[in-house]
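Subject: Structure for you to look at, with notes

Dear colleague,

Please keep it open beside the text while you read.

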There are 2 protein chains.
Amino acid sequence: MTKIDEQLQLKTAELVRQTNALGIPVMVIFEGIPASGKSRLSNELLLTLDAKYTNFYATKRPDEELLRYPFLYPYWNNIPKKGGVTLFFRSWYAQKLDYEVHGYKKDIIKDYELLTQEIKGFESMLSDDGYVIIKFYLSVNEQKRQEHIEQTKKNPLTRWKAQEYETNIPIDVYQDGMVNLMKATEEIAPWTHIDYTERGKAANEMYEVIIKRLEKALKDKEKISDERNGKFTEDFETDMFEDTSDDMSKAEYKELLPKLQERIRELQYALYERKIPLMLVYEGMDAAGKGGNIKRVRESLDPSGYEVNAISAPTETELSYHYLWRFATDVPRSGHIEIFDRSWYGRVLVERVEGFATTKEWQRAYDEINKFEKALSIEGAIVIKFFLVLDKDEQLKRFEERQVTPEKQWKITDEDWRNREKWDLYLEASKDMINHTTTEHAPWVIIPANNKRAARIKALKTIIATCEERLWNVKKLW
Amino acid sequence: MTKIDEQLQLKTAELVRQTNALGIPVMVIFEGIPASGKSRLSNELLLTLDAKYTNFYATKRPDEELLRYPFLYPYWNNIPKKGGVTLFFRSWYAQKLDYEVHGYKKDIIKDYELLTQEIKGFESMLSDDGYVIIKFYLSVNEQKRQEHIEQTKKNPLTRWKAQEYETNIPIDVYQDGMVNLMKATEEIAPWTHIDYTERGKAANEMYEVIIKRLEKALKDKEKISDERNGKFTEDFETDMFEDTSDDMSKAEYKELLPKLQERIRELQYALYERKIPLMLVYEGMDAAGKGGNIKRVRESLDPSGYEVNAISAPTETELSYHYLWRFATDVPRSGHIEIFDRSWYGRVLVERVEGFATTKEWQRAYDEINKFEKALSIEGAIVIKFFLVLDKDEQLKRFEERQVTPEKQWKITDEDWRNREKWDLYLEASKDMINHTTTEHAPWVIIPANNKRAARIKALKTIIATCEERLWNVKKLW
């Protein structure tokens, strides 16, 4: 019987200390049929690594609460920090098969193959961001497997656990499903098959694969380009922002506003009852009136069913994850409304213009964002994105007004003036953003915002129309 | 009809900008029977405050998942950061009554009055830490209330929501329960009764109370003592640490270890089946062998049922909450095991000695910690705390050994040597800690650790004996 090679353990521990020091995140996946050794092999690895930066996540059949969130939500919540390690005992793969076998969300998800697409998008964007993803598929001699199950059943203390081996996904369905899934995702991050029949041999094989992958990651890390360039990628033209002012009289506004607000409140309840989540994204020039616009949307809503997420610069913790982490872990429960006052689009706006993101990072963000929003829409979310357009003179007027109005002074800072100097850069970044992220499932709605009243009414009407269309498509309300 | 005074809104918003800037956290609670105006009044306040630092938490009847955690868990998870505001729509008060009326965890919680004690402890420790807690109890003219309910029922879109008014806690039970609870907690943070019959008047009253409380908090903030002094509070004597070395031969160890580990694994399943959470806390001198000891406990455990929490210096985010926040939000689900390699006791050890906590802060921490652990034990958790004792010579030997062994070098840093210079200070802090936090529900177990083998066996035996005792008290296993 092969023994576990202590040198391999020490080498692995040492390499993980290095990836930790360099901020490289590592994900290790263990898949395989029940009693194939996943638990024992992952524990072997777990014991070798420093608990300070190692986490363990076991995928279980999703309960009702978890099913109120998108498919990948538990995994976004458990990806490692930069420098951290997460071991996944069963992963998004097993969960995809769980969804399929048990028909989770089958009324919403048109085709479970869309989840395979989500998995590919998820792994690609993490991998592009420097995450090392190591995937093991375990198998074991069938006689040994039966012996292990028998042993568990014999002990009165562990007997109940043996039942777990017999439930969930039928073994052949799991195996066939995994063959397809592994084929589909092999290219992004390769799979390693491990035969667990001989425990020591299996552990050594695992360590060797991990060592190879980590050594490569450490070498690649040196080569990563740190170039930062937010300059124009295309000829500068921004026709789309030419229209800055719809008109609206005070009288008309006063008549429309309460009616639309009442309707929004009714729709909130209707969305809640149908368990449809709604995400409203607000972007636009400084002082374009995002806050006031959002306030008119919120004013009549039931506060227990919505949340406003006002996005500031990322915290130290948020910076230590993939940039989408803080958004992906804060999506609304089904039936709830989440309003983003600024959003993940910061990646291709401020982070691009100010050089907080490297050129490669912001350039690949368009595709990542489209995938992120697609995933939300696959699971039934309504995503509405507003871009509020102000012209440069009107912005100046509002800045100056803020400075002389005592209760508005806090709203204007030196940073606003600095951003104003970069007006053209922000305009171009905004235009690129709209061009690259206007999709069928989450189109941009450009709102002329020189006239605040008109802008508010347009946002309210857009929300109402979009929700009504969805609700009536689902089922007639009366 | 009284109108809402805009000046009060502006003043409130301005004061909250100040508390935000000074890092003062604010909690506002809304209680009252269904349809008494909680939702409308809290939304009024919500709209007045900046979404950047304002959160809203609605207490619902706890679902199965939430009931696997301690009573206060959702609230620990939703206390504001320093400078933040959380509005609680129904709070731990309503939840206490929920527990009682529906008999949640009635097999575990001997007497629901213990939850009132928990509430008092929770509010006291937050309040001592500078949290402003503002509590409103709403009532409303019964005729108006019925009108509001009728209106909700008439609209086909909101009709289903009206049902919520009729379920949950019977109105008279809620009212009587709240009278008692308010009396019990009035002293820690006062309650304000608001009659919502006239909406404008109610809002103005609310703002006036908030303004008064915030002005006081801002004034008090200036007076807070920043004295830092980790010096001895008592005569220095540490008899309790005299015994540093039990003896154990390698042969005896090799025979005992696998047996005890097998038993631990069985007990893990038994605890899981009975849904009993187990918390193991490890403290002790540097190089006392905490990591190796923990490793022997983990080695045979099923990795999906335990977690090791290795505590480092708090992150920026963790520092922006009450110091217990990062522990209270990371307690194990029922039936799981959480191992803390260092713990909340850092407050009265390193934070005291290094002056990271003020004198007042670490001195009141003993009581806070006792309350925190009491709360865990009320809900059935087993809490075992190990203190590993090493003598000063043995520590030197281990430090030196680490420095010459390549695969152990990473374990020894300049900080370890600096801590060693403060040996006596740490010893005294440890002694004070053990004296002040040895309780019936969570006693300290002092483990002589000069001999690693003996220390590991003693820890394993203690865990086994404690768990067996609990399991047999609950129900015979075979």
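How much area is buried between chain A and chain B, and what share of it do carbon and sulfur atoms give? The area buried between the two chains is about 4600 Å², and carbon and sulfur atoms give 60% of that figure; buried area here is the accessible area, taken with a 1.4 Å probe, that two parts lose on being put together, summed over both. Within chain A, the residues that lose the most area to chain B are A:L47, A:L157 and A:W160, which together account for 15% of what that side buries. Counted by contact (heavy atoms within 4.5 Å), 47 residues of chain A meet 47 residues of chain B.

Before going further, please note that this is a predicted model, in which local features need pLDDT of at least 70 and side-chain atom pairs count only at pLDDT 80 or more, while totals for chains, interfaces and linings use all residues. Residues are numbered from 1 along each chain as its sequence is written, chains are lettered from A and ligands numbered from 1 in the order in which they are written, and side-chain values use heavy atoms, with hydrogens and water left out.

Turning to the domains, chain A is divided into domain 1 (6–223) and domain 2 (239–474), with bounds that come from an automatic or database domain assignment. The C-alpha centres of these two domains of chain A lie 37 Å apart, and their contact takes 26 residues from domain 1 and 24 residues from domain 2. Between them, domain 1 and domain 2 of chain A bury about 2300 Å², with 57% of it on carbon and sulfur atoms. On the side of domain 1, A:R68, A:W76 and A:M125 supply 32% of the area buried against domain 2, more than any other three residues.

The helices come next; they are DSSP runs (H or I, at least four residues), numbered from the N terminus. In chain A, helix α1 (residues 6–22) and helix α9 (residues 199–223) pack at an angle of about 30 degrees, with their axes 9 Å apart; axes are lines fitted to C-alpha atoms over the stretch in contact, and angles run from 0 to 180 degrees between N-to-C directions. That angle makes α1(A) roughly parallel to α9(A), since angles under 35 degrees count as roughly parallel, over 145 as roughly antiparallel, 65 to 115 as roughly perpendicular and the rest as oblique. The residues of this contact between α1(A) and α9(A) divide into nine nonpolar, five polar and four charged, where Ala, Val, Leu, Ile, Met, Phe, Trp, Tyr, Cys and Pro count as nonpolar, Asp, Glu, Lys and Arg as charged, and the others, Gly among them, as polar.

Also in chain A, helix α15 (residues 359–378) and helix α18 (residues 423–437) pack at an angle of about 45 degrees, with their axes 10 Å apart, which makes α15(A) oblique to α18(A). Their contact is made by A:Y366, A:I369 and A:N370 of α15(A) and by A:D432, A:M433, A:H436 and A:T437 of α18(A).

With best wishes

Definitions and conventions. Helix = DSSP H or I, 4+ residues; strand = E, 2+ residues; numbered from the N terminus.
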